Amino acid sequence: MTINVVFMGSPDFAVPCLEALHEHPDCNVVGVVTQPDKPAGRGRKLTPPPVAARAHELQLDVYQPPGLRKAGRIDPIIAWKPDIIIVVAYGKILPKELLDAPPRGCVNVHASLLPRHRGASPIHQAILQGDNETGVALMQMDEGLDTGPVLAEAILPLSQRERTPEVSEKLSSLGAALLSKNLPALAQGELKAVTQSESGITHAPLIAKRDGFLDPRQTVGFADRQVRAYDPWPGTFMVLQDMRIKVFDIEIIPGVPTAELGEVVSVADGKVSVQWSDGIVRLLEVHPAGRKRSTAAAWISGRGVAVGDRFSLNAP
């Protein structure tokens, strides 16, 4: 049985799922819905989202509305007459009329093991919270925020050194495989919908730039997880004498504080060591405002930092 599918997604993360559907012998992708083109790069040239670019390469019909709430916006989607809508990181709320339109409803490929990390930034939160595992879930969508019943899931163990790009790539491939494996059962309505547990619910809100502030009042472990979770966006930073210092790589040394929080206690061995609440954070690669990205050693040799300097405890 061939199932007609509308695919909704925007970033790189969603592309493998689109490709998996396009290649599946039981699937006919009747249309792709994605975000509008946006200015990008130094020239601010209008650039399509990755899903749109790939859909055009696959010669699929593409629809790029600025939103779905206004009257008539969902009409082209319904006109495709999908049996099911597959949603992967689309980035917009789906109105109830659209959720109810396909006979098999709307199914979301979500990058966490629900009900943990419902929301927009599940991969970042899994790293930030120090989870030992994460995964992907096929979820029957309802009007809530990632609250619908789970149809299938796959688990991914997490090391304590991985960064967001690595985890995202693994989960993207895992999600595509999970979707492809379960598509025939989705088409037949044979997957058992399991209501999410009321315990263990956590949320993964939208990320703001200020979330990347490295606060010496926190633990060294949290600083390490911030650097890994917020790579590449929004990145992490500290503030020294009103100058923002982007931080790309650190190492941590737990221990009892011996100096004021935020104080530079050493600039030896090409590393800038800063006092934290429960140890030392050593800055290894930085980008001071107005200068080039460099190793901490180059920053030291340029006399950009010295023992006794003190980083701010408050985000700008």
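**View 1. Arg 118, a buried charge without a salt bridge.** In this predicted model, Arg 118 is buried and yet makes no salt bridge. Look for the nearest side chain of opposite charge and you will find Glu 198, 5.6 Å away; a salt bridge here would need a side-chain nitrogen within 4 Å of a carboxyl oxygen. What does lie 3.3 Å from a polar atom of the Arg 118 side chain is the backbone oxygen of Asp 146. Arg 118 itself sits in strand S8, which covers residues 118-119. Leaving aside residues up to four places away in sequence, Arg 118 touches a set of neighbours that includes His 110, Leu 145, Thr 147, Gln 196, Ile 201 and His 203.

**View 2. Helix H6 and its bend at Asn 182.** Helix H6 takes in residues 164-188, 25 residues in total. From the first C-alpha to the last, H6 reaches 35 Å, close to the 36 Å expected at 1.5 Å a residue. Just after H6 comes Gly 189, with a positive phi of about 70 degrees.

**View 3. The salt bridge between Asp 224 and Arg 161.** Here the side chains of Asp 224 and Arg 161 meet, with N and O 3.1 Å apart. Asp 224 belongs to helix H7 (residues 220-229), while Arg 161 lies in the loop between strand S10 (150-157) and H6, so this pair ties together parts that are 63 residues apart in sequence. Asp 224 counts as buried because its relative accessibility is 8%. Arg 161, at 52%, counts as exposed.

**View 4. Arg 217 paired with Asp 215.** The closest N and O atoms of this salt bridge are 3.0 Å apart. Arg 217 has a relative accessible area of 44%, so Arg 217 is partly exposed. For Asp 215 the value is 13%, which means that Asp 215 is buried.

**View 5. Glu 260 and Arg 310, a link across the sequence.** A salt bridge joins Glu 260 to Arg 310, and their closest N and O atoms are 3.8 Å apart. Glu 260 is found in the loop between strand S13 (243-254) and strand S14 (264-266), and Arg 310 in the segment after helix H8 (296-301), so the pair ties together parts that are 50 residues apart in sequence. Glu 260 is partly exposed, at 47% relative accessible area. Arg 310 is also partly exposed, at 42%.

**View 6. A salt-bridge network of Glu 19, Arg 54 and Glu 57.** If you are browsing for charged groups, stop here: salt bridges link Glu 19, Arg 54 and Glu 57 in a network. The structure as a whole holds 14 salt bridges.

**View 7. Pro 76 in helix H3.** Helix H3 runs over residues 75-79, and Pro 76 has its place there. With 31% relative accessibility, Pro 76 counts as partly exposed. Tyr 63 is 13 residues from Pro 76 in sequence, and their C-alpha atoms are 7.9 Å apart in space.

**View 8. The protein chain around these close-ups.** To place the details, zoom out to eight helices and 17 strands. The C-alpha trace spans about 70 × 45 × 35 Å along its principal axes. Of the 316 residues, 47% are buried. Among contacts between residues at least 6 apart in sequence, 66% join residues at least 24 apart.

How values were computed: Residues are numbered from 1 along each chain as its sequence is written. This is a predicted model: local features need pLDDT of at least 70, side-chain atom pairs count only at pLDDT 80 or more; totals for chains, interfaces and linings use all residues. Side-chain values use heavy atoms; hydrogens and water are left out. Helices (H or I, at least four residues) and strands (E, at least two) are DSSP runs, numbered from the N terminus. The expected span of a helix is 1.5 Å times one less than its number of residues. The bend at a residue is the angle between axes fitted to the seven residues ending there and the seven starting there. Buried means under 20% relative accessible area, exposed over 50%, partly exposed in between (1.4 Å probe, protein chains only). Lys and Arg count as positive and Asp and Glu as negative; His and the chain ends are not counted. A polar contact is a pair of N or O atoms within 3.5 Å; within protein, one must be able to donate a hydrogen and the other to accept it, and residues adjacent in sequence count only if both atoms are side-chain atoms. Contact means heavy atoms within 4.5 Å.
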